[in-house]
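Colleague: I am new to this structure and would like to go through it with you. Could we take the ring contacts and then a sheet?

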Amino acid sequence: MSALRRMGREKQRGWSGHLWLVFQLCLMLIFGREATAELRYSIPEEMREGASVGNVAKDLGLDKSSLMDRRLRVVSGSKDAYFDVNPDNGALQVRKKIDREEMCQSSTTTCPIELKILVENPLEVHYVIIEITDVNDHSPVFSEDEQSIEIAEQTSPGTRFELHAARDLDAGVNSIRTYILSSNDHFDIETSQNDGDKRPLLVLKKPLDREQQNKHLLCVTAVDGGKPPRSGTLNISITVLDINDNRPQFSQDTYQIEIYENVTIGTVVTRVSAVDPDEGTNGEIKYSLSKTLARKVQDIFQLDNLSGKITLKKPLDYEDSDMYRLDVQASDKGSPPLTSRCRVIVKIKDINDNAPEIEVTSLSKTVPEDSKPGTVISLISVSDKDSGVNGKIISSLTENVPFELKPSYKENTYSVVTKGFLDREQVTYYEISVKATDCGEPPLSTVRNLIIHISDVNDNRPHFSESPLKFYLLENNIAGKSIFSLSAKDNDVNENAVILYNIARGGGPDILSFLNINSETGDIVALKSFDFEAVKTFQFQVVATDSGTPSLSSNVTVHVFILDQNDNAPVILYPVSSNGSAEGVEEIPRNVHAGHLVTKVRAYDADIGYNGWLLFSLQEVSDHSLFGLDRYTGQIRTLRSFTETDEAEHKLLILVKDNGNVSLSATATVMVKVVEPKEAFAASDVQSAAKDDEDSDVTFYLMITLGAVSLLFVISIIVLIAMQCSKSTDYTSKYLQEPNYDGTLCHSIQYRSGDKRYMLVGPRMSIGSTIVPGSHANTLVLPDRRRTSEEVRHEQAFPLCAQLCSL
């Protein structure tokens with residue numbers, strides 16, 4: 001195609017050259033003279049570019065010095081592109097290589113090229129003919145490399161068979177001269193010539209015997225006349241035809257092939273091959289699978305009935321079958337056809353295409369928390385459909401769990417067992433992962449998650465948030481109502497955490513007589529109303545028992561502190577008349593000075609703290625300038641000296657009230673008589689005698705009171721010692737005298753709770769005491785000053801009754 005394009009371009013240049021030549025000739029006819037000459041050169045083909053053909057200037061007799069001025073050049077010819085003229089020396093040169101067979105027909109003996117050489121001043125045209133001579137650059141070529149001929153074995157000697165003729169592009173002596181046949185016993189070669197072409201003929205010179213040799217392979221060589229000669233060959237295959245007297249024969253009775261199971265569909269598994277000594281239709285073989293094969297095998301493999309190729313029609317799976325047996329049948333096309341059989345065994349090689357499988361044979365989803373190490377939780381078996389190394393499995397369990405895999409006597413069978421103690425209260429369930437990894441390349445793995453719940457056993461006792469418990473209760477509570485509630489917790493669940501409460505009987509029968517407890521809620525109900533003045537504190541034990549089997553229990557000591565209410569009015573101790581009324585008569589001399597102690601009103605309040613802190617005030621007095629009453633001590637003193645004008649008798653009404661939220665009060669009447677000094681002394685003697693009788697009665701009552709207080713003191717000491725010996729507790733009741741109180745009888749109680757010391761105070765508070773925010777108004781917190789045991793015993797020994805002031 002490139003040669004045709006090149007010839008087309010040269011043809012176009014040739015037409016333009018012709019037009020230019022016509023134009024030059026016209027000019028020459030008009031202005032110049034015609035001068036022509038013809039030169040002839042001969043060169044071989046395939047000369048190199050720039051090779052000199054001849055010196056046209058010299059051969060034409062042109063002056064070399066004027067070539068440039070006369071513009072010596074090639075102007076015509078369709079093939080002028082192959083040559084040009086050197087304007088310096090007039091040499092005709094080869095512009096590009098020339099292929100004679102391309103430019104001229106190979107059958108022609110000559111190949112001339114005509115050029116026109118033009119010079120100007122004057123204008124001259126010269127013709128140059130260049131003959132391209134042939135060189136032996138082509139070998140003889142047959143149209144086909146091989147020729148098949150079928151000859152019946154009954155063919156007579158002398159029969160001729162036409163062979164393919166060779167072709168040589170070279171011409172003349174370089175063309176084909178003869179054909180040579182390879183040495184054999186049955187054939188010879190002849191050459192026939194027609195229109196100059198030599199054609200080879202194959203001649204049978206000896207009869208054929210197919211039973212001795214059914215095929216003859218010959219080689220015909222075509223040789224040209226070049227020096228050195230070139231040649232081409234033709235392979236001849238001669239087949240001797242015979243009748244159908246032979247069965248097809250497979251190259252192997254059994255074919256064994258190994259392929260991997262992951263080969264793609266369409267892959268050629270193998271190729272069966274059978275030969276039939278017969279020829280023609282008698283030797284044509286058709287392959288087929290045996291009809292006795294299972295349908296599954298026929299669906300997987302496909303046999304080409306002509307080529308014998310067995311290809312894969314469906315994917316293979318080693319796990320389904322590791323071997324297939326195919327029966328292949330070969331039949332010729334003779335009449336009748338003859339057949340033979342062979343077996344193809346296809347072995348499938350395994351690849352790691354199956355991940356391990358984990359099967360949980362038995363699983364205990366719930367495990368008691370008291371299970372011992374080594375308890376079997378579940379049985380696990382692992383398997384892999386692959387074989388060999390691909391089927392080897394390594395199993396593992398999640399780390400940091402109290403379980404482990406224990407191999408069984410059977411391969412790939414394991415037991416999940418506990419390797420430590422379980423505690424449901426810390427971890428209620430475990431999510432463990434069993435991982436199975438095979439040893440293939442790359443390895444495949446499977447993970448199976450198991451959830452194991454830990455069931456509860458009754459291994460935790462009920463427990464209270466604090467021990468001991470303390471509660472504060474106001475006196476005068478309503479009987480039959482809940483006074484407080486307590487609760488315990490159990491870390492177990494369900495029935496093991498159901499708690500029942502009861503009051504321990506070891507504390508004596510009195511507790512159960514005035515307290516009751518709700519066994520389910522823990523509410524404490526008071527069966528009676530408490531009186532602070534009778535009972536200030538008590539303790540008891542509550543037992544909390546769960547409903548597990550066996551049940552577990554724990555107890556707690558409950559300290560109850562009764563808080564005072566202002567439910568007692570003050571009681572006047574002095575003055576008291578013989579009929580029991582709070583009235584008295586006091587006589588004082590008229591000559592007494594200011595500040596003289598007339599008398600002292602004494603009162604008592606059974607309450608404590610502010611409720612028992614008494615204040616005195618004058619409600620009625622005949623002369624406010626004459627008498628004064630100390631608010632705290634109840635002492636009545638004169639404010640000035642008496643005068644002659646002052647009355648002889650004065651009535652004083654004294655109001656005594658406590659400091660409760662709703663204060664209670666009592667009144668006392670004191671009649672003060674002013675007498676002359678002598679009368680005062682006489683009256684004093686008479687009154688002293690009467691007063692001795694009254695004092696004897698008071699002394700009797702005082703002795704009874706002191707005896708009762710001493711008995712209570714002894715009992716308190718015994719109880720306190722018993723409490724200290726039974727358990728170490730910081731909850732004690734201490735009753736202390738307020739040393740700075742010099743007025744009425746009152747109570748001052750101290751007790752300790754933890755690291756703080758509390759005091760229920762009377763009229764005068766100790767310096768440095770602070771009121772506890774949110775506490776009862778009568779309760780103060782004292783600094784924790786450590787005292788000696790003697791002081792503590794002294795405080796504990798202080799009586800709980802009223803302090804009698806000196807009369």
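**Rings and strands**

Modeller: In this predicted model, the count of aromatic pairs comes to 12, with ring centres within 6.5 Å as the rule for pairing.

Colleague: What kind of aromatic pair do Phe403 and Tyr430 form?

Modeller: The ring centres of Phe403 and Tyr430 are 5.4 Å apart, and the planes make an angle of 80°. Since planes over 60 degrees apart count as edge-to-face, the pair of Phe403 and Tyr430 is edge-to-face.

Colleague: How many residues apart in sequence are the parts that this pair ties together?

Modeller: Phe403 and Tyr430 are both buried. Phe403 belongs to strand S30 (residues 403-407) and Tyr430 to strand S32 (residues 429-438), so the parts tied together by the pair are apart in sequence by 27 residues.

Colleague: Are Tyr610 and Trp613 buried or exposed?

Modeller: Tyr610 and Trp613 form a tilted aromatic pair, with 5.7 Å centre to centre and 50° between the planes. As for their accessibility, both Tyr610 and Trp613 are buried.

Colleague: Which residue in S50 stands opposite Phe616?

Modeller: Strand S47 and strand S50 (residues 649-657) run antiparallel and are joined by six bridges. In S50, the residue that stands opposite Phe616 is Val656.

Definitions and conventions: Residues numbered from 1 in each chain as written. Predicted model: local features only at pLDDT ≥ 70, side-chain atom pairs only at ≥ 80, totals over all residues. Heavy atoms only, no water. Phe/Tyr/Trp six-rings, centres within 6.5 Å; stacked < 30°, edge-to-face > 60°. Helix = DSSP H or I, 4+ residues; strand = E, 2+ residues; numbered from the N terminus. Buried < 20%, exposed > 50% of the residue type's maximum accessible area, 1.4 Å probe, protein only. Pairing = 2+ DSSP bridges.
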